[in-house]
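Hi everyone, thanks for coming. Let me put the model up, and then we can walk through a few of its contacts together.

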Amino acid sequence: MGEPNSLSLTRTFLVKPKLKAKARTPKETPESKYWSSFKRHEIPNLVSSISSVSFCPTNPSIFSASHSTSLTLFSTETMAPTSAITSFRDVVSCASFRCDGLLIAASDLSGLVQVFDVKSRTPLRKLRSHLRPVHFVQYPVLDKLHLVSGGDDAVVKYWDVASQTPLLDFLGHKDYVRSGACSPSSMDMFVTGSYDHTVKLWDARTNSKSVLEVNHGKPVEDVIFLPSGGLVATAGGNSVKIWDVIGGGKMVGSMESHNKTVTSLCVGKLGKDSGEESDQFRILSVALDGYMKVFDYSKMKVTHSMRFPTPLMSVGFSPDCSSRVIGTSNGILYAGKRKTKGITSSNLSNPWSLGSVGEPQRRALRPSHFRYFHRGQGEKPTEGDYLVMKPKKVKLTEHDKLLKKFRHKDALVSVLASKNPENVVAVMEELVARKKLLKCVSNLNTEELGLLLVFLQKHSTLPRYSSLLMGLTRKVLELRAEDIRASGALKDHIRNLKRSVDEEIRIQQSLLEIQGIISPLLRIAGR
């Protein structure tokens with residue numbers, strides 16, 4: 001007969017406490033990490049509410065912010081203003097870069113639309129025709145000669161910039177025109193949103209009524225085309241709705257995740273760590289509740305949200321996925337810039353730089369090489385190697401050592417002295433499994449029984465331990481009643497235990513009263 005396996009005899013299982021209940025917090029997804037990677041930079045002191053934010057299409061490191069009677073240009077590299085256009089008589093409401101980034105058009109509340117040279121900041125054209133404040137102006141995509149504008153006179157105008165005259169007046173809205181967008185797939189198609197709850201699609205080739213009309217159900221604060229050109233997103237009230245303009249204006253989906261009015265929308269694109277762009281687009285919305293939400297409109301769900309301390313008025317996202325800018329109602333810009341791995345700004349500024357020289361890579365050893373069979377312990381295993389792990393030495397606590405020797409009462413006293421409730425409950429459950437807990441309680445002397453009563457007084461009313469400790473408390477009072485009557489110290493412990501139980505009963509009764517008050521209100525709210 002051979003000797004039995006010594007490993008099987010010495011194997012030890014520790015007495016471990018039960019796992020704690022974890023809070024049900026949403027797990028951070030890769031997309032949430034992406035949107036959180038935009039480092040927030042605060043740009044204060046812009047006097048008043050920031051009504052619009054716009055990025056230059058050819059140079060994404062430049063963006064404009066309209067506030068008060070100024071239009072300020074910023075650099076995303078330094079997060080500082082580079083220039084400001086102040087030749088406005090009234091509050092600037094909107095701005096739009098031309099497709100080549102050389103000109104910028106801006107409107108104000110006096111009804112005037114102006115076109116400026118971005119570098120020299122000189123006004124090149126002044127377009128006068130609106131009778132009321134203008135809230136929307138935009139260059140059509142790839143069109144350098146025309147502008148679209150809309151204002152509180154409920155008129156949408158299609159301008160010839162060179163002659164400073166409106167070529168077409170589109171009538172159809174019955175209330176203020178507050179937003180609009182040009183189609184990315186056609187220079188002649190654009191959409192406008194109004195406070196009459198309607199969104200209208202116009203065609204500059206036809207001097208007639210709108211091509212398509214949809215009803216958002218609330219005053220429309222903003223409208224954008226999605227990159228395909230066949231879908232339109234509208235914001236009004238606390239909802240964002242998606243419409244299929246190719247399919248006759250059918251509503252594709254609605255998202256109501258904001259608590260207050262949604263003020264602005266823009267399209268964002270997911271970028272990769274290497275600085276490349278992906279084909280996944282998202283809708284970014286901001287609202288008066290101070291939240292920025294990111295919508296995946298292909299799955300109709302919110303993928304990320306971010307809280308800001310003040311109401312948000314405008315949002316913009318750079319074409320190269322490197323910057324995000326949010327304008328607030330108190331004149332603060334929250335600009336976020338994302339660090340990208342790969343080419344740095346220093347390499348871009350110096351195209352002849354060779355970059356840092358990395359360490360030479362070691363050649364992988366193969367079984368055909370002599371050195372392969374002389375590898376030491378410092379050699380890292382490859383993917384196909386089988387690892388033989390050295391078993392870790394189990395470190396036993398005092399109560400584990402005593403339980404291993406079947407000294408049950410000593411184990412219970414030892415763990416009670418440690419004052420760790422999780423370990424105490426774990427040892428008690430182990431003793432219950434061994435059917436030795438009540439015997440241990442019967443054998444405790446007066447001092448050890450005092451330790452047990454102190455523990456029960458502190459922890460028996462806690463929900464995590466009450467299922468075991470309440471039953472144990474009854475058994476202790478039954479088994480050791482005579483010893484408790486004979487000792488004044490034990491009587492004090494019992495009085496403290498009674499106080500804690502009475503307090504818990506009072507709390508439970510108060511909670512039941514509150515539940516009785518709230519439940520009818522919840523039923524009424526549910527109806």
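Let's start with R464 and E422, whose side chains meet in a salt bridge at 3.7 Å, N to O; the term means a side-chain nitrogen of Lys or Arg within 4 Å of a carboxyl oxygen of Asp or Glu. R464 sits in the loop between helix 8 and helix 9, and E422 in helix 6, so the pair ties together parts that are 42 residues apart in sequence. Helices here are DSSP runs of H or I with at least four residues, strands are E runs of at least two, and both are numbered from the N terminus.

A word on the source: this is a predicted model, where local features need pLDDT of at least 70 and side-chain atom pairs count only at pLDDT 80 or more, while totals for chains, interfaces and linings use all residues. Residues are numbered from 1 along each chain as its sequence is written, and side-chain values use heavy atoms, leaving out hydrogens and water.

Now, another salt bridge joins E31 and R282, with the closest N and O atoms 2.8 Å apart. E31 lies in helix 2 and R282 in strand 23, so this pair ties together parts that are 251 residues apart in sequence. E31 counts as buried at 15%, and R282 does too at 4%. Together with D296, E31 and R282 are linked in a network of salt bridges.

Overall, the structure holds 17 salt bridges.

Definitions and conventions:
Buried means under 20% relative accessible area, exposed over 50%, partly exposed in between (1.4 Å probe, protein chains only).
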